[in-house]
Amino acid sequence: MTELDELDRGLVHALQIHPRAPWTLIGEVLGINSVTVARRWNRLTEAGLAWVTAYPRVSNTQAVVTGVIEVDAEPGAAEDVARVLATHPSLTNIKLTAGGRDIVATVQTASLHELASLTTSLFRRTPGVRATRTHVSTGVPTEGSQWRLRSLDSVQSARIEAALSPAHRPAPVTGAGWDSLDAHLLELLSADGRMSLRDLSAQTGAGISTVRRRLQSLLASRLNLRCDLARPLSGWPLSAVYFTSVPGKYLDETSRILAGVREVRSCFIAAGPHALVIDVWLRALSDVPAFEAHLSRRLPRLTVNDRSVVLRTVKHMGRLLDHDGKCVGVIPLRHPAGPLR
């Protein structure tokens with residue numbers, strides 16, 4: 001796979017901080033002109049090496065019910081099952097794994113009833129599925145948009161951070177409903193999080209000023225943007241999922257500490273035997289037990305019940321990935337509570 005140079009890595013880091021930052025600003029921070037920045041980004045996206053995605057804010061459990069699903073497949077059927085599941089827009093992430101399950105998938109629905117109906121119907125009609133176990137997420141202490149490449153220095157990072165408008169800064173989620181324009185904007189931005197206001201207007205049929213106001217409203221409390229990179233290029237080519245438990249009175253404290261651990265990519269608080277499902281990025285296979293030992297030392301009340309090494313990520317936040325982690329397609333995300341267009 002093509003290696004990224006320092007300018008490419010700085011560009012990705014800048015977009016992780018501010019996914020819709022103007023090219024002029026990023027060029028000034030990196031010391032190159034805006035045309036060069038835009039050309040580099042186009043090269044990265046066309047090669048499937050990096051991309052910007054929009055997705056519903058999963059911390060709003062009143063609007064989005066997230067399920068982590070373990071799938072056991074018939075012998076030799078796991079890849080075929082994963083490919084079928086990847087076509088469904090409600091399944092945002094799909095990982096082929098080794099260990100106590102063949103696949104770990106993440107699904108988003110509008111309610112517990114819809115989660116039960118979807119998982120029952122979807123897995124029942126998918127050939128090769130032998131059994132499933134669903135864990136309902138009751139909270140997300142940390143998720144992938146908070147991970148940083150750490151290629152910019154503190155001054156450069158602060159300059160990009162300072163350019164974030166209030167609409168792009170984290171704010172309390174709201175219970176406001178989603179209308180057809182919101183749902184359409186999500187679908188478009190999940191495919192290209194940097195789509196221009198002019199193109200968003202043309203695609204939705206809404207005026208540019210309307211799109212601008214609506215996008216500001218969505219980013220203020222209901223929509224997240226993130227810049228992702230093909231994992232092998234990040235320096236952390238291996239992924240693993242840990243299924244853990246911790247006494248309830250220590251759950252909040254443990255979650256806060258995990259949010260600050262460099263290797264932790266995301267963490268779900270789950271209702272069931274595994275209080276926390278932790279997705280981590282590692283540098284080598286030997287780090288799987290080493291990281292577990294590190295967690296045990298740092299968090300003695302945390303018990304790792306099981307773990308699975310990710311053999312391949314098939315789908316990541318709606319992006320279809322090849323064996324090298326490069327984006328080769330996208331299944332646009334739909335908001336679970338939004339109207340169908």
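Which residue forms a salt bridge with R265? Some notes on that and a few other spots follow.

1. First, the ground rules. This is a predicted model, where local features need pLDDT of at least 70 and side-chain atom pairs count only at pLDDT 80 or more, while totals for chains, interfaces and linings use all residues. Residues are numbered from 1 along each chain as its sequence is written, and side-chain values use heavy atoms, with hydrogens and water left out.

2. Back to the opening question: the partner of R265 is D228, and their closest N and O atoms are 2.7 Å apart. (A salt bridge here is a side-chain nitrogen of Lys or Arg within 4 Å of a carboxyl oxygen of Asp or Glu.) D228 sits in strand β6 and R265 in strand β8 (residues 264–271), so the bridge ties together parts that are 37 residues apart in sequence. Helices (H or I, at least four residues) and strands (E, at least two) are DSSP runs, numbered from the N terminus. D228 is buried, with a relative accessible area of 1%, and R265 is buried too, at 6%. Buried means under 20% relative accessible area, exposed over 50%, and partly exposed in between (1.4 Å probe, protein chains only).

3. A search of the whole structure turns up 20 salt bridges. One of them joins the side chains of R133 and D72, at 2.8 Å from N to O. That pair links distant parts of the chain, with R133 in strand β5 (residues 129–142) and D72 in strand β2 (residues 65–73), 61 residues apart. R133 counts as partly exposed at 30% relative accessibility, whereas D72 is buried at 12%. Both belong to a salt-bridge network that links E70, D72, R101, R133, E292, D306 and R307.

4. Next, look at D182 and R222, whose side chains meet in a salt bridge of 3.6 Å, N to O. D182 is in helix α7 (residues 180–191) and R222 is in the loop between α9 (208–221) and β6 (223–229), 40 residues apart. D182 is buried, with a relative accessible area of 2%, and R222 is buried at 8%.

5. How do α7 and helix α8 (residues 197–204) pack? Their angle is about 125 degrees and their axes are 10 Å apart. (Axes are lines fitted to C-alpha atoms, for helices over the stretch in contact, and angles run from 0 to 180 degrees between N-to-C directions.) The two helices are therefore oblique to each other; angles under 35 degrees count as roughly parallel, over 145 as roughly antiparallel, 65 to 115 as roughly perpendicular and the rest as oblique. L181, H184, L185, L188 and L189 of α7 make the contact with L200, Q203 and T204 of α8, where contact means heavy atoms within 4.5 Å.

6. α7 also packs against α9, at an angle of about 80 degrees with the axes 11 Å apart. That makes α7 roughly perpendicular to α9. On the α7 side are L181, D182, L185 and L189, which meet T210, V211, R214, L215 and L218 in α9.

7. Finally, have a look at P89, in the loop between α4 (78–86) and β3 (91–98). P89 is buried, with a relative accessible area of 18%. Not counting residues up to four places away in sequence, P89 touches K315, I331, P332, L333 and R334.
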